[in-house]
Amino acid sequence: MCVLSTADVEGFDLPVMEGLDAPVAKNRTSTGIINPETNGEKLKGSTQGPPSSRWFAWKSGRKAQATQNMIISIADGLKRLYVEKLKPLEVAYRFEDFVSPLLTDGDFDAKPMVMLLGQYSTGKTTFIKHLLGCEYPGAHIGPEPTTDKFVAVMSGPDKRSIPGNTAAVHADKPFNGLMKFGGAFLSKFECAQMPHPLLDKITFVDTPGVLSGEEQRTQRSYEFTGVISWFAAKCDLILLLFDPHKLDISDEFKHVITSLRRHDNKIRVVLNKADQVDSQQLMRVYGALMWSLGKVLNTPEVVRVYIGSFNDKPVNEDIVGPIGRDLFKKEQDDLLADVRDIPKKACDRQISEYVKRACAAKVHAYIISHLKNEMPLIMGKAMARQRLINNLEDEFLKVQRMYHLPKCDFPNVHQFKEVLRGHNIGNFEKLKPKMIEAVDEMLRHEIPELLKNSKYPYE
């Protein structure tokens, strides 16, 4: 295994957002933020742990202070805009039922997340252990399918596991939206919390191994692909792990990857355990993996594939040789650079996801109000409802042309149709132009104003 060097991870600075002194003046007294004049204290836990624990250490307390103020200000600004402008639109047109649950304070305050996906025994849990330098509570590692739960590895004051039902109702955690998947899923979800400097900056999501057999897949008691889609929308980075001996993409894995198409910019592919094959075999394995992914991802860009062996064991040089060792070191450095950039871009990602949600909520409001207008006032409601459901694609096209909306902002027609079957279209709300105007005003002026007052050059 490539050994992390201290020189690679020390001296990394988070971005500083200037021009926010006025907005955060109130927060300094109300939230107990340390005075910048008392800088110089080291980050708790920075003197212990593996080199990865120092990736996100700051050079000075003053820079740490500015960064904390920046995050609080952006989060508070988005919370206010959501409650005042976007949430009323979502509530009026039942956005929660069709697209995504309503946001809570925990969603805005959540740390950046990294989700790991792959078939069983591709090294997902070992990858997290390698970054942390230790196992998280409840971790199981083995050649058989050992991780049968979704596990959110988070920072916490003590080392323990929190059941999914408890984590989902916890106000300080961003998992309230998982309640829509029911108790069957929540029994397969838990939070593993522990004090660790790296977890103070990033949350990792370990997932069950994707199954290869159709019979096994249908035995899941919850909607696996739906859960993956929910986490994908929340995550900042999605790592797809492959084993040189497990390159086949099963039907379930194909459905999972397809559900990530709206998050192509977050996906990174990791060819793990690459020291198990020699250089000639590795070349063929890499080509086969790219060919398989090309059929599933269906994108014009070439996906980035990192090659390495991400565990605590030394690289098997008898197989890969010195050239392979150097290659794995460079690939690991590139992947760690991607991980290091996550906290830097957290605010950008949060604003981007918020704008994307606002656009989706507008489109949803137009769709719901259009379906309402197509319903008759008295006679033939049942027949009209069935006609709208059967011809939903045509109705989407009408809405798109009527309001000049981009097609990419429309929801999945098949999923929308399934949810629509359980609703009475006659009870939907008619279009409320003032609500739409409020969201447009927020997108045109208030969010740009929030960004205008926040200069954050990346150093």
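Biologist: What should I keep in mind about the model and its numbering?

Modeller: The model is predicted, so that local features need pLDDT of at least 70 and side-chain atom pairs count only at pLDDT 80 or more, while totals for chains, interfaces and linings use all residues. Residues are numbered from 1 along each chain as its sequence is written, and side-chain values use heavy atoms, with hydrogens and water left out.

Biologist: How many helices and strands are there, and what makes a stretch count as one of them?

Modeller: The protein chain has 18 helices and 8 strands; helices are DSSP runs of H or I with at least four residues, strands are runs of E with at least two, and both are numbered from the N terminus.

Biologist: Why is Phe185 called buried?

Modeller: Buried means under 20% relative accessible area, exposed means over 50%, and partly exposed lies in between, with a 1.4 Å probe and protein chains only. Phe185 has a relative accessible area of 0%, so it is buried, and Phe189, at 2%, counts as buried too. In the protein chain, buried residues make up 50% of the 459 residues.

Biologist: What makes a group of residues a nonpolar core, and which residues have the most contacts inside the largest one?

Modeller: A nonpolar core is a set of buried Ala, Val, Leu, Ile, Met, Phe, Trp, Tyr and Cys residues joined through side-chain atoms within 4.5 Å. The largest has 50 residues, and those with the most contacts inside it are Phe175, Phe185, Phe189, Phe231 and Leu240. Apart from it lies another core, of 43 residues, among them Tyr93, Phe98, Leu103 and Ile425.

Biologist: Which residues is Phe231 in contact with, once its neighbours within four places in sequence are left aside?

Modeller: Contact means heavy atoms within 4.5 Å, and on that basis Phe231 is in contact with Met115, Phe150, Phe175, Leu178, Phe185, Phe189 and Val205.

Biologist: Why are Tyr366 and Tyr403 said to tie together parts that are apart in sequence?

Modeller: Their rings form a stacked pair, 4.0 Å centre to centre with 20° between the planes. Tyr366 lies in helix 14 and Tyr403 in helix 16 (residues 392-403), so the pair joins parts that are 37 residues apart in sequence. Tyr366, at 10% relative accessibility, counts as buried, whereas Tyr403, at 26%, counts as partly exposed.

Biologist: Why is Lys85 called buried, and which residues does it touch beyond four places in sequence?

Modeller: Lys85, whose place is in helix 3 (residues 61-92), has a relative accessible area of 19% and is therefore buried. Lys85 touches Ala438, Val439, Met442 and Glu446, not counting residues up to four places away in sequence.

Biologist: Why are the buried residues of helix 15 placed on the same side?

Modeller: The buried residues of helix 15 (residues 381-390) are Ala384, Leu388 and Ile389. They cover an arc of only 135° around the axis, so they lie on the same side of helix 15; the arc is that of the directions from the helix axis to the C-beta atoms. The face turned away from this buried side carries the exposed residues Ala382 and Met383.

Biologist: Is His404 buried or exposed?

Modeller: At 72% relative accessibility, His404 counts as exposed; His404 lies in the loop between helix 16 and helix 17.

Definitions and conventions
Rings of Phe, Tyr and Trp (its six-membered ring) pair if their centres lie within 6.5 Å; planes under 30 degrees apart count as stacked, over 60 as edge-to-face and the rest as tilted.
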